[in-house]
Amino acid sequence: MAKTNLSLPEVQIREIRINSITGYHGDAEELVRSGRCGLKDRERSFSQCMGCATSKAACMTILIQDAAVISHGPVGCASCLHEFAFTYRVNSPLRNVAVPTPRYIFSTNLTERDTIYGGSAKLARAIREVHSRTKANAIFVLTTCASAIIGDDVESICSEAEEELDIPVVAIFCEGFRSKVWTTGFDAAYHGIARKLIRKSGTRRSDLINVINFWGSDIFSEWFEPFGAKPNYITPYSTVESLRLAGEAAATVQVCSTLGSYLGAVLEQDFGVPEIPAAPPYGIAQTDRWFRALGKVLGKEETAEKIIAEKKKKYMPRIEELRRELRGKTAYVTAGAAHGHALLDVLGELGMKAVGAAIFHHDPIYDSGRPENDQLAQRVADYGNVPNYNVCNRQEFELVNMLNMLRPDVLLARHGGMTLWGAKLGIPSLLVGDEHYSMGYEGLVNYGERLLEAIENDEFVKNLQKHARMPYTKWWLEQPADYFLEGGPVI
Amino acid sequence: MSKSAVIEQQRYTCAMGAMQTVVAIPRAVPILHSGPGCGEMIAGFFERSAGYAGGCTSPCTNFSEKEVVFGGINRLREIISNTYKVLDTDLQVVMTGCTAAIVGDDITSLVAEFADRGKPIVAVETAGFNATNYEAHSIVVNAIIDQYVSRFVSENKPRSEKNTVNLFASIPYQDPFWKGNLAEYKRLLSGIGLNANVLFGPESGGVKEWQSIPKANFNILVSPWYGKPIADNLKAKYGQDYTWFHHIPIGANETEVFLNQVLEFALKQGAEIDEKRARDFIRHESDAYYEEIENLATFLLEFRYGLPNHVHILHDAGYVAALCKFLLHEVGIVPKEQFITDGTPEKYQETIRADINSTSDKKEIPVFFEPDAGKAQEILRKIRHKGRGLIIGSGWDRELAREKGYDFLSAALPNPYRLVLTTNYAGFTGGLRVIEDIYLMVLSTYA
């Protein structure tokens, strides 16, 4: 198990903490096996824009209802954060937020002068200005490459402001160059939240279960109700106060093991909240395990069995129908990491053939250290191996190469931009933003129906294919996808 | 300029945003020597703007701790070499982010290695802390002119085509209507007998057109301040004089002034233009425009259920000035307090203020230069005038408009509540489109 350390301002990066990698080409079974005995990363000699930790840290802080966020850097480092203001507004009805307030997003707008004389004084002023403008209940300060390299002491500035303003002022160390693993940004945000917000009270509430997730629909209220509990969502649509309570919950569950890996472990190790020993409930096999694990942690095993039986009765007939319609269809998955594994579970359960996957990174073992949380291992055990499994670090050129070679019946994507390449190649492509949509028995029905709809209505992609421009060279499309990976065919 | 220590709700981005200047050139590719997140930030700011090889397609060295400590020049060499294998492009523009600039990598010498082998490649310093994308647009265009266009000058003799002009107007993608605007300028200029190189978007001829920049007789700059260094550079380099129109011509009045200004300048520069035909063209366009306004007048004057009578605009200087003039004189909506959110350098502010205040000799229009748009909103939140108000701005301002009970038109970045494809706001037809957009939204409140 990776040891957490909340006394340090910065979280250790994933590459070091849990040996995460960003380059692999092979199959899923081999990846799982070598993950157990030291997995070696493979560098690339060609790369495209990857994305960095700062926007991931931003996403886990901006969506807290009553917080303000300051990006301490040049104005460009906060460019895309307005997208979270949109997300917050659009998804608020799914989380019963009746009046979604504007998101408070700021940049200290570092200029050349600041890179020479330092940006500390500016940040100190910025925090006070944001406090008086927003009256937020907590202020988060995100570091950037520029502020990190010039060496501003962000931790001290935040601590001083916190004392003066009497609200949490939380430094989040998420500068882009620190890590190649995009999810380090989530870890960084959670680390700051755990250090400064989550309360150690010694109380344990049996009616509260932490759910580490994104902004998906509120399905957990209904799921937890028979257990006499309700969800404490972390962090989108939480409040500073509800985050404080996370340390008192009965258990923690995750919707994506790579998202909450670190926070789940911190809650367990530093606050005594057990993380349930099961990967998220995608596919029937895993859903059953998940409910049982939850029941066990809560001491309500019978409730779990009852739920499973009811759900089977209610949903199995439709799932069987969907299986008949989808059987033998081929699919390719591209996603962050664990949610990709989850989609591979869903495909396996629906009887579809996963012909490959382009997954952004791979965590050989999560921070909990428990093999039960390893969704890819479960996937391989439950539904068989996945060939053509690439860890691609969001490298589009590798995805296009594989898609062009494999030509699946459908492309499933989790992150923006990727569906374009399916569409350009005439492959029906589906992105479902709500990560809860495919969970559990009902999720198989939801997702199965969406898959059928996507495969059936292919007119748009077939037309686009006829007219699409392809910036990739013919040469590249004919190479093996790991051509530019260290130890690849020519290097 | 703002005294804030922060920018809230930014309406522009850093120098790296000029990667969209490259993306807007057909078949050109930006190569980023930067941290891993820069491209994602820019793609997320502009949205739906990846073009041919922008967004996740653009090569990037993705600085890690190793490059920060040891420098990233070898990594960049590798990425450039392999870009030629993977991507099929006509022009490569290597751009540096903050990391490369602070570390001090010498990209000029490295890129020269490739350029010496005949590769169409250019290097430009675009550290985010050095400039905004409004400023960096000129830096990138000038780098392409100095390092790429200049290679073709022997077959493109300066000022050798009397009726050809280079047009510098909209900044691609930062102006949400850039594509439509450039196409409309090209059509209008062609109507008065000029062949315009618009250089960006589908109406340009790609790198071939860039190579022919020196041949133009003169240049046209349509901008309150940004883009001026390009016109100055070309004047010094190829002796091309330029005519400067200080705001976007929207509607009939300003488009006529614009076209007449260009026509007179062209004649002075020795362009071979049939002046009568040119004037006939302008009159024809104007007549067509006023046919619409005449039909509309009764609606604007008689609609008895309420129409906006005043407007606040939060936009860049070019749009604020243009929309104030257009809405007052051609639609009858009175411009009240205005907010320029583009980070206009101080030296241009007085001229812009004067331009806006020349809109009417009967009215004073208060102008705030405020890149901290959150602060601009705070000011606007406290202002109230009689009658139904209209706010024209970015997606951020929709929330403020709702709060104030005002009508709202999305016309600035970031623009999440509106898709703009090839719509133009410049020109006669652009004015009509602004009218359509405002009243579509106003009338829909009665549905």
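Helices, in the sense used here, are DSSP runs of H or I with at least four residues, numbered from the N terminus. The model under discussion is predicted.

One such element is helix α13(B), which covers residues 317–331 of chain B. Its 15 residues reach 20 Å from the first C-alpha to the last, close to the 21 Å expected at 1.5 Å a residue. Helix α13(B) is mostly covered, with 13 of its 15 residues buried. Just after this helix, Gly332(B) adopts a positive phi of about 90°.

Chain A may be considered next as a whole. Its secondary structure amounts to 21 helices and 13 strands. The radius of gyration of chain A, 22 Å, is close to the 23 Å that the globule rule gives for 491 residues, so chain A is as compact as a globular protein of that length. The C-alpha trace of chain A spans about 65 × 60 × 45 Å along its principal axes. Among the 491 residues of chain A, 59% count as buried. Of the contacts in chain A with a separation of 6 or more, 73% are between residues 24 or more positions apart.

The two chains also meet each other: 56 residues of chain A are in contact with 55 residues of chain B. On the side of chain A that touches chain B, the largest share, six residues, comes from α6(A). The residues of that side divide into 27 nonpolar, 17 polar and twelve charged.

Strand pairing also links the chains. Two bridges join β3(A) to strand β1 (residues 7–8) of chain B, and the two strands run antiparallel. Within β1(B), Ile7(B) is the bridge partner of Ser107(A).

Notes
Residues are numbered from 1 along each chain as its sequence is written. Chains are lettered from A and ligands numbered from 1 in the order in which they are written. This is a predicted model: local features need pLDDT of at least 70, side-chain atom pairs count only at pLDDT 80 or more; totals for chains, interfaces and linings use all residues. The expected span of a helix is 1.5 Å times one less than its number of residues. A residue is buried if 20 or more other C-beta atoms lie within 10 Å of its own, exposed if 12 or fewer, and partly exposed in between; C-beta atoms are placed from the backbone. Two residues are in contact if their C-beta atoms, placed from the backbone, lie within 7 Å. Ala, Val, Leu, Ile, Met, Phe, Trp, Tyr, Cys and Pro count as nonpolar, Asp, Glu, Lys and Arg as charged, and the others, Gly among them, as polar. Two strands pair if DSSP finds at least two bridges between them. The radius of gyration is taken over C-alpha atoms; the globule rule is 2.2 Å times the number of residues to the power 0.38.
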